[in-house]
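Welcome, and please have your viewer ready. We will hop from selection to selection, and at each stop you will hear what is there.

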Amino acid sequence: MTNNKLFTPYQLGPITLRNRIIRSAAFENMARGNAPTQMLQDYHVSVARGGVGMTTVAYCAVDLSGVSFDGQLYIRDEALPGLKKLTDAIHAEGAKASIQLGHCGNMTHISTCHCLPVSADTGFNLYSPTIHRRLKVSEIKALVKKFGEAVDFCREAGFDCVEIHAGHAYLISQFISPRTNHRHDEYGGNFENRVRFLNEVLDEVMAHAGDDMAVVVKTNMWDDCWHGSDIEEGIKVAKEIAKHKVHGIVLSGGTVSRSPMTILRAAMPIKTLAHYMPGNMWWLKAVLHIPYVGAIMTPTQPFKELYFMEQAKRFQQEIKDVPLIYVGGVQSGDNCQTIMDEGFELFQIAHVLIKDPYFVNHVKENPHYHAGCGRSNYCVGRMYSKEMKCHECVEHDGEKIPNCLKREIAKLEKEAKEANEKYKKAESN
């Protein structure tokens with residue numbers, strides 16, 4: 001079955017994309033001191049020049065309290081000139097510019113967000129590690145307003161679209177999930193209360209978006225962790241999102257602190273992670289060197305191409321009035337075609353664009369083009385202290401990779417390839 005709509009324009013709310021391919025909001029770690037850099041601009045310009053319909057600048061917190069890395073952006077006047085320069089450069093390449101807005105909640109540390117981390121409830125996050133406190137209702141209301149104000153800021157910065165991050169166990173997801181929300185007020189308990197913060201944020205965002213800004217929302221299909229939201233609840237959440245008449249819903253899954261490899265697939269490169277861990281995280285670096293501990297903290301999820309397709313098709317059966325945006329495991333032009341054939345109007349890609357920013361143009365020239373991404377997740381393993389970058393690009397640019405990490409990369413790429421081939425063989429039988 002073939003479908004030729006991949007490189008046709010798409011009307012995403014008030015904006016027109018030149019094709020159906022979006023660079024997803026994978027964290028670049030290219031914003032030094034929480035400000036945009038030339039490196040960040042150069043990367044997104046290369047992706048735009050490489051053919052995507054829209055590129056998404058990753059995680060921008062609506063407030064300093066929602067920043068989880070020093071290399072992340074947050075909404076502030078000082079960032080405006082740099083972001084305007086970035087969007088102008090993206091537009092010059094013919095692509096649209098999107099930015100992901102969110103708040104990390106308890107996924108940070110006092111040294112990063114400069115306050116005691118906040119969440120839906122009081123508790124302790126082992127992965128930061130940090131104590132976090134419950135947000136007061138007045139603070140929740142203030143954060144809701146900040147999401148709306150952030151949309152106005154992004155418009156002024158030249159963005160065409162905002163993506164609201166409501167998944168992966170960041171703040172909005174921390175309210176939704178029964179695992180992290182044990183409140184007994186109007187923001188906790190039953191499903192209606194747990195999605196109240198989400199609904200208030202989207203009411204505010206849509207009011208500020210008006211008729212000239214596109215809005216998409218990233219949500220979890222399921223949390224994939226103990227006491228988290230399952231697929232059935234994930235569908236209910238997506239239906240809540242659809243009520244706001246957003247312009248697209250990005251279907252993801254997994255929990256960064258409990259099931260990160262559900263989001264990424266394959267294995268976390270533990271040696272790489274420990275090697276690039278900054279000095280102030282010495283305790284975590286030490287833990288990662290203990291045999292098997294890293295694998296227990298981030299259990300492997302065998303890789304296969306289009307790994308979210310089965311779950312996404314379930315949502316496709318239930319959600320009819322808002323376009324669903326596929327994300328997860330796109331490696332080739334054939335994968336792109338499969339997504340179109342399955343009836344998705346849009347999809348997002350990240351890993352292949354880290355290795356090959358010109359992936360989309362290559363697919364346009366050769367429908368069977370394969371990016372050759374080995375899925376070692378080296379690019380993710382180095383992001384605690386360095387920009388997200390493929391190991392092949394690192395070596396090409398003259399940066400040395402220790403031999404022990406090269407061996408790890410080779411081993412993990414071999415395992416990912418074998419797992420993918422096993423899935424393909426099983427599906428063909």
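Start by selecting Met-268, Ile-270, Glu-408, Lys-411 and Leu-412: of the 19 residues that line the second largest pocket, these lie nearest its centre. The model is predicted, so local features need pLDDT of at least 70 and side-chain atom pairs count only at pLDDT 80 or more, while totals for chains, interfaces and linings use all residues. For your selections, residues are numbered from 1 along each chain as its sequence is written, and side-chain values use heavy atoms, with hydrogens and water left out.

A pocket here is an open set of points on a 1 Å grid over the protein atoms alone, with protein on both sides within 12 Å along at least five of seven lines; a cavity is a set where a 1.4 Å probe fits but cannot get out, and lining residues have an atom within 4 Å of a point. This pocket has a volume of about 390 Å³, a volume being the space filled by probe spheres set on the points, with grid points joined across faces, edges and corners.

Now colour helix 10 (270-276), helix 12 (293-297) and helix 19 (403-428), each of which supplies at least two residues of the pocket lining. Helix 19 gives the most, with 6 residues. Helices (H or I, at least four residues) and strands (E, at least two) are DSSP runs, numbered from the N terminus. By class, the pocket lining divides into 11 nonpolar, 3 polar and 5 charged residues; Ala, Val, Leu, Ile, Met, Phe, Trp, Tyr, Cys and Pro count as nonpolar, Asp, Glu, Lys and Arg as charged, and the others, Gly among them, as polar.

**Next stop: the cavities**

How many cavities of 30 Å³ or more are there? The count comes to 3. Select Cys-373, Arg-375, Ser-376, Cys-390 and His-391, the closest to its centre of the 15 residues that line it. Helix 15 (351-355), helix 17 (378-381) and helix 18 (391-396) each supply at least two lining residues, and helix 15 provides the largest share, 3 residues.

Move on to the second largest cavity, with a volume of about 70 Å³. Its lining includes Ala-166, Ser-173, Trp-222, Asp-223 and Val-237. Two or more lining residues come from each of helix 5 (171-176), strand 11 (214-220) and helix 8 (231-242). The lining has 4 nonpolar, 6 polar and 1 charged residues.

**Last stop: salt bridges**

Side chains of opposite charge can pair when their charged atoms come close. The structure holds 27 salt bridges, each a side-chain nitrogen of Lys or Arg within 4 Å of a carboxyl oxygen of Asp or Glu.

Show the side chains of Asp-63 and Lys-146, which meet in a salt bridge (2.4 Å, N to O). Asp-63 sits in the loop between strand 4 (54-61) and strand 5 (73-74) and Lys-146 in helix 4 (residues 137-156), so the pair ties together parts that are 83 residues apart in sequence. Is Asp-63 buried or exposed? Asp-63 counts as buried, at 18% relative accessibility, whereas Lys-146 is partly exposed at 29%; buried means under 20% relative accessible area, exposed over 50%, and partly exposed in between (1.4 Å probe, protein chains only).

Then select Asp-88 and Lys-84, another salt bridge (2.7 Å, N to O). Asp-88 and Lys-84 are 4 residues apart in helix 2 (residues 80-92), so about one helical turn separates them.

Finish with Arg-382, Glu-387, Lys-389, Asp-397 and Glu-399, linked in a network of salt bridges.
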